Amino acid sequence: MVAEFGLFALWIAFAASLLLAVVPMVGSYRDSSLLMTVDRPLARVLFIALSGSVIALAIAFLNDDFSVAYVANHSNSLLPWYYKITAVWGSHEGSVLFQLWILSIWIIAFSLFSKRVDTVLRARVLSVLGLVSLGFCAFILFTSSPFERLLPFAPGEGSDLNPLLQDFGMIIHPPLLYIGYVGFAISYGFAIAALLSNRLDREWARWARPWTAIAMGFLTLGIVIGSWWAYAELGWGGWWFWDPVENASLMPWLVGVALVHSLSVSEQRGAFLSWTLLLSISAFSLSLLGAFLVRSGVITSVHAFASDPERGMFILWILFIAVGGGLLLYALKLPKNLKAKPFGLTGREFFLLLNNVFLVVITVTVLIGTLWPLIADALNWGKISVGAQYFNAIAIPMFTLMSVLVPIGVYANWGGSSSELGSKLLVPIALSLLIALGAGALIDFSLSTILVWWLGCWLLVATLDQLRRATAGFNKTKLMSLRSGLWGMYLSHAGIGVAIIGVGMTTLHSAEVDVRMGEGDSHVVGSYEFTLREFAPLRGPNYQSESATIDVYYRERLVATLVPEKRRYVATGQIMTEAAVDDGLTRDLYVALGEPLDNGDWAVRLQVKSFMRWVWYGGAMIFLGGLLAGFDRRYRRKYE
Amino acid sequence: MNKFMRFLPFLVFGVLGAFLAYGIGKDPTKLPSAVIGSPLPEFRLLDVHDDTQFITESDLTGQYALLNFWGTWCPACHIEHPYLMELAAQGVVIYGVDYKDQLEPAREWLVRYGDPYRRVVFDVGGKLGFDMGVTGAPETYLISPDGVVLARYQGPVDQQVFETVFRPLMLTN
């Protein structure tokens, strides 16, 4: 029964989306305030219906209702209850439903918190969102319903959730990512509404800003946690693989970051407006492209859901309509004579322009690299896949240059002609260089180490200096009354600094060995000694495992005891490597069991990963920065 | 901004869209196998018959043998299976690779439809399949007595395939 209720609720959501797509839009052209404000009840109906639908699916999982195909394929009576709930978004059908539900949260949030926005513009944004919701509803109902039954022959037991997805990181990674992806629908809605209303100005940019910043923040956190999940769960200690699906999440993020910055120029100076519009459309388009890549099976990836041409075709149509329509509208209706204040080469605008150029170049690089296998195949150039070297060769120098410019852009004044720009830079450059040389001396004196530390510290020191300047030397009352938008910017920029140190150090100074170990064996990696105490079998709720207990000593002192496992999941017979990690501020100790060897020994991978945490800390800071920027009270005040 | 620049994003997307549309329904994993003429890749995987035992590449050598990738999830394997039974009855050595499959259903299958395989490698993660360039099941390779991959056939093997693709190599080598 509960599955049928879920399906019924989904149809109600379909109807509500249809009305939302049509009614406020019609109202905006007829100048009817009644029709334009009908979004509130519709958004509520949409949200409640989709919540009902998601809850229905969760109940089907909790009740082990294996007559529902989706439940039978992705759950098992032995699965712990929390994984039964997360299985709701663990595979294709449920995850689209979940994504749609998150869209409904954005819609209801926008409908409630957009009182300041011009009525006509607001109605049109909401109609565009209704249209997006309608597309997803139709996609689920016509190609991917999670409520389909396996009747009359329901299996007695389910085939279990993919063990890779039975992990805390996996519980929270997709929802966060979806919040980000779907959030760009609002930016897209703003862009389309601006084109339809011929209204593109500083006020428009101000209305769009907070939504974009929050979406960007969540996307950052989603990507970082996904990376952490890959690190903890895939078992070989890597954290970024340039996998097509990772790339699919990176592209909207890059464009989203560009958009956050170009929106600030548009709001403050009325410049870059048509560019901002194009980025708004692109961010959402790339989110949709990501959905297409993951769900159509045109590109191979560890993340891809089963390949299904019918679903691929459906998303491609959504993509054609949303992106093609948006860009066509852009070509035909872009307002002419956009007036911007002029700026010089020392103006903040110029540095933000460079930021945008770099980000877009990286995006295009990633896009081409990701689609290259497809393009090469279509043009009969043979089967090619693009490796990490290609991405690194372009992305690393670009990110480096961009990071160098970040603080300079913040020091620069709008418009330019800031004569003291050079003198402002002097102290932070010198100070960060000093710290970098110190760090280099402690580590290995290599140029690359010093460069990494300089770059990271340059961002940290300069950002701290900027905070000092903005608060007249950390004056307490000034600190308290500083806009949260500025806090957001400082925190994000400092986060980049932290992440750079993490990425650089873990790349340059991690040590790893693959060794054969029996009970009592010891190996030294870096300055750590790993001693295998014993092997023991363990039992989990739905798996059995072999475990090893490994003591790690640093200068003869026990610093950690790690218990890596090799799990074997009962229902599927799948073998999973469960790595054990001891995390620390300056290093992670990472141990994973490889294969069992003949005489009871195991192949073991031992790693010491320098400053690994800093990558995640940096990402978390960017996330918080995005939230702070989005909740700046300035956006809630009336525009003067 | 002139007219062309305004339409540029739309045109770029048009080109991109064409590639995406092209990609639909094509199997991105279809790659030519590079293993022909080289020795079997190294592996160490469980035995489906007895999952306390491991099978390695050296266990498959000693005579001409077929290496057949199959799975209970694969409809074409149903079609192929009776002919493999026939080949086994004729004395052809066949090793199976249970590819991206589950242990219990695989055993059930072998009990229900018969077991033509001398040994069956349990390649649950598709690692061996990946190393061999397998794109889907069924796929069959001919292995020489010293463990060199001689030939490959994608799709169900039948008498005609066996006589034209595999048999000639088993005589001349």
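**Entry 1. Burial of A:Arg613**

I count a residue as buried when its relative accessible area is under 20%. I am working on a predicted model. I looked up A:Arg613 and read a relative accessible area of 10%. A:Arg613 is therefore buried, because 10% falls under the 20% limit.

**Entry 2. Partners of A:Arg613**

Which residues form salt bridges with A:Arg613? I found A:Asp583, with the closest N and O atoms 3.6 Å apart. A:Arg613 sits in helix α19 (residues 612-630) of chain A and A:Asp583 in strand β8 (residues 580-583) of chain A, so this pair ties together parts 30 residues apart in sequence. I also found A:Asp588, whose side chain meets that of A:Arg613 in a salt bridge of 2.6 Å, N to O. A:Asp588 belongs to strand β9 (residues 587-596) of chain A, so its pairing with A:Arg613 in helix α19 ties together parts that are 25 residues apart in sequence.

A:Asp588 is buried, as is A:Arg613. A:Asp583 is partly exposed, with a relative accessible area of 44%.

**Entry 3. Other salt bridges**

I noted the general idea first. Side chains of opposite charge can pair when their charged atoms come close. I looked up A:Arg587 next. A:Arg587 forms a salt bridge with A:Asp582, and the closest N and O atoms are 3.2 Å apart. A:Arg587 is buried, at a relative accessible area of 14%.

I moved on to a network. Salt bridges link A:Asp118, A:Arg199, A:Asp201 and A:Glu203. How many salt bridges are there over all chains? I wrote down 32.

**Entry 4. A:Asp39**

Is A:Asp39 buried or exposed? I found A:Asp39 at 0% relative accessibility, so it counts as buried. A:Asp39 is placed in helix α3 (residues 39-62) of chain A. The side chain of A:Asp39 makes a polar contact of 3.2 Å with the side chain of A:Ser111. I set aside the neighbours within four places in sequence and listed the contacts of A:Asp39: A:Leu20, A:Ser111, A:Arg122 and A:Leu126.

**Entry 5. A:Ser492**

I turned to helix α18 (residues 484-509) of chain A, where A:Ser492 is found. A:Ser492 is buried, with a relative accessible area of 13%. What does the side chain of A:Ser492 reach? I found the backbone oxygen of A:Gly488, at 2.8 Å. Leaving out neighbours within four places in sequence, A:Ser492 is in contact with A:Met621, A:Ile622, A:Gly625 and A:Gly626.

**Entry 6. Domains of chain A**

I looked up the domain assignment of chain A. Domain 1 covers 1-166, domain 2 covers 420-509 + 615-621, and domain 3 covers 512-610. I also looked up a distance between domains. The C-alpha centres of domain 1 and domain 2 of chain A lie 43 Å apart.

**Entry 7. A patch on chain B**

I finished on chain B. Which residues make the nonpolar surface patch? I listed B:Phe4, B:Met5, B:Leu8, B:Leu11 and B:Val12, with an area of about 450 Å². I took B:Leu8 as my example. B:Leu8 is found in helix α1 (residues 3-23) of chain B. B:Leu8 is partly exposed, with a relative accessible area of 31%. Patch residues need over 30% relative accessible area, so B:Leu8 passes with its 31%.

Key: Residues are numbered from 1 along each chain as its sequence is written. Chains are lettered from A and ligands numbered from 1 in the order in which they are written. This is a predicted model: local features need pLDDT of at least 70, side-chain atom pairs count only at pLDDT 80 or more; totals for chains, interfaces and linings use all residues. Side-chain values use heavy atoms; hydrogens and water are left out. Patches are made of residues with over 30% relative accessible area and no salt bridge: like charges are joined within 9 Å, nonpolar side chains (Val, Leu, Ile, Met, Phe, Trp, Tyr) within 5 Å. Accessible areas come from the Shrake-Rupley method with a 1.4 Å probe; for residues, only the protein chains shown count as cover. A salt bridge is a side-chain nitrogen of Lys or Arg within 4 Å of a carboxyl oxygen of Asp or Glu. Helices (H or I, at least four residues) and strands (E, at least two) are DSSP runs, numbered from the N terminus. Buried means under 20% relative accessible area, exposed over 50%, partly exposed in between (1.4 Å probe, protein chains only). A polar contact is a pair of N or O atoms within 3.5 Å; within protein, one must be able to donate a hydrogen and the other to accept it, and residues adjacent in sequence count only if both atoms are side-chain atoms. Contact means heavy atoms within 4.5 Å. Domain bounds come from an automatic or database domain assignment.
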